[in-house]
Amino acid sequence: MRELGLFYPTGHEQHSAANHPERPERVEAIRKALEVAELWEEEFLLPPIEVPEKVLKAIHTPGHLQSLKSAADYIDADTYLTAASGPLAFNAAGGGIAIADAVWTRQVKRGFALTRPPGHHATPNEAMGFCLLNNIALAAEYLLQKHKAERIAIVDIDLHHGNGTQDIFYQRGDVFFCSIHQYPLFPMTGVAAEIGSDQGEGLTLNIPYPPYAGDFARMTALEQAVMPALEAFAPEMLLISAGFDAHWRDPLGHQLATAQGYGEIIDSFTQFADAQCDGRIAIFLEGGYDLEAGAVSALAATQAILGLKWDDPLGRGPTSEDEYWKTRLAQVLSYHQD
């Protein structure tokens with residue numbers, strides 16, 4: 001079994017808009033960091049899998065899928081299409097599925113899909129927030145359909161709430177969804193009271209941190225809320241929506257995470273996966289708009305899933321961590337006390 005499987009979105013540079021933060025350089029900066037660390041080899045790269053029609057229809061509406069074939073335009077104020085964007089979105093989704101499939105079948109021990117365009121804001125019927133198809137949701141659905149998985153866990157550590165992923169699985173009992181994010185902030189969802197409904201009641205865990213929460217706040221959330229919930233759900237595989245925009249250098253938010261902290265979070269999830277999921281864990285790229293911060297955080301995350309030591313050349317930011325997050329975490333715990 002190979003230690004690492006990677007997906008690289010060939011041609012992704014054709015999905016680009018002038019002066020937009022979601023730009024091709026994000027992926028290239030991560031690729032370069034992995035190359036320098038000798039974690040990027042041709043033998044690690046996996047080709048995308050064609051997304052099965054049944055999987056697509058379980059996650060997105062026909063109208064939404066058709067909309068990705070439209071002419072180049074802005075879908076909303078934040079989300080753009082080029083002539084190549086639709087095919088590239090399906091390519092990224094297939095790459096995420098390829099990584100999840102390879103980890104599930106133990107062709108590779110760990111996986112990192114550089115899914116671009118990103119996906120966690122894409123709802124069943126709408127592209128938004130830079131996202132076109134919900135890559136991680138499609139991968140989870142593929143595992144449930146193709147490999148007859150029964151319980152998949154998705155944890156979103158992006159700066160922004162993964163509203164699309166939440167919407168897709170909110171009423172379902174086969175996927176646990178957790179998001180640690182800044183609130184209030186786009187998309188203005190993900191409050192503590194959103195815990196799922198019907199068969200999914202209690203299987204959505206939102207940790208809406210205020211500005212100026214950092215590594216300690218995030219690790220405390222893992223210890224007190226996320227890990228106990230994962231243990232209770234007992235997933236067969238862990239999928240991570242890894243947005244690196246909670247880093248203190250990122251221009252779109254006000255969180256104080258560091259590359260060191262990202263490594264610690266991924267290390268904790270990796271240890272959980274080793275103990276509870278037969279080692280099955282895969283990372284999906286979401287946001288992260290400061291190129292250097294994204295690159296070093298992604299490198300730390302990759303080293304962490306491989307059990308390697310990681311380094312943080314950027315260190316901590318100049319702003320001190322605010323303690324108001326403790327009130328928010330207490331509120332979260334009150335909603336999930338059972």
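The model is predicted, with local features requiring pLDDT of at least 70 and side-chain atom pairs pLDDT 80 or more, while totals for chains, interfaces and linings use all residues. Residues are numbered from 1 along each chain as its sequence is written, and side-chain values rest on heavy atoms, without hydrogens and water.

Helix α8 spans residues 259–276, and α9 spans 291–305. Helices are DSSP runs of H or I with at least four residues, numbered from the N terminus. The axes of α8 and α9 come within 8 Å and cross at roughly 25°. Axes are lines fitted to C-alpha atoms over the stretch in contact, and angles run from 0 to 180 degrees between N-to-C directions. The two helices α8 and α9 are therefore roughly parallel (angles under 35 degrees). On the α8 side, the contact (heavy atoms within 4.5 Å) involves Ala259, Tyr262, Gly263, Ile266, Asp267 and Thr270. Their partners in α9 are Val296, Ser297, Ala300, Ala301, Ala304 and Ile305. By class, this contact of α8 with α9 has eight nonpolar, three polar and one charged residue. Here Ala, Val, Leu, Ile, Met, Phe, Trp, Tyr, Cys and Pro count as nonpolar, Asp, Glu, Lys and Arg as charged, and the others, Gly among them, as polar.

Helix α7 (residues 215–233) packs with helix α10 (residues 325–335) at about 20°, and their axes are 11 Å apart. Helices α7 and α10 are therefore roughly parallel to each other. Their crossing is right-handed. Helix α7 contributes Phe216, Ala217, Thr220, Ala221, Gln224 and Ala225 to the contact; α10 contributes Trp325, Leu329 and Leu333. Seven of these residues are nonpolar, two are polar and none is charged.

Helix α9 also takes part in a cavity lining. The whole-structure search finds one cavity of 30 Å³ or more (on a 1 Å grid over the protein atoms alone, a set of points where a 1.4 Å probe fits but cannot get out). The largest cavity holds about 40 Å³ of space, the volume filled by probe spheres set on the points. Its lining comprises Arg26, Ile30, Phe244, Leu285, Gly287, Gly288, Asp290, Leu291, Gly294 and Ala295 (an atom within 4 Å of a point). Helices α1 (25–36) and α9 each give two or more residues to this lining. The most, three residues, come from α9. The lining divides into five nonpolar, three polar and two charged residues.

Notes. 1 Å grid on protein atoms, 1.4 Å probe; cavity = no way out; pocket = protein on both sides within 12 Å on 5 of 7 lines; lining within 4 Å. Parallel < 35°, antiparallel > 145°, perpendicular 65-115°, else oblique. Left-handed = near helix turned anticlockwise from the far one by under 90°.
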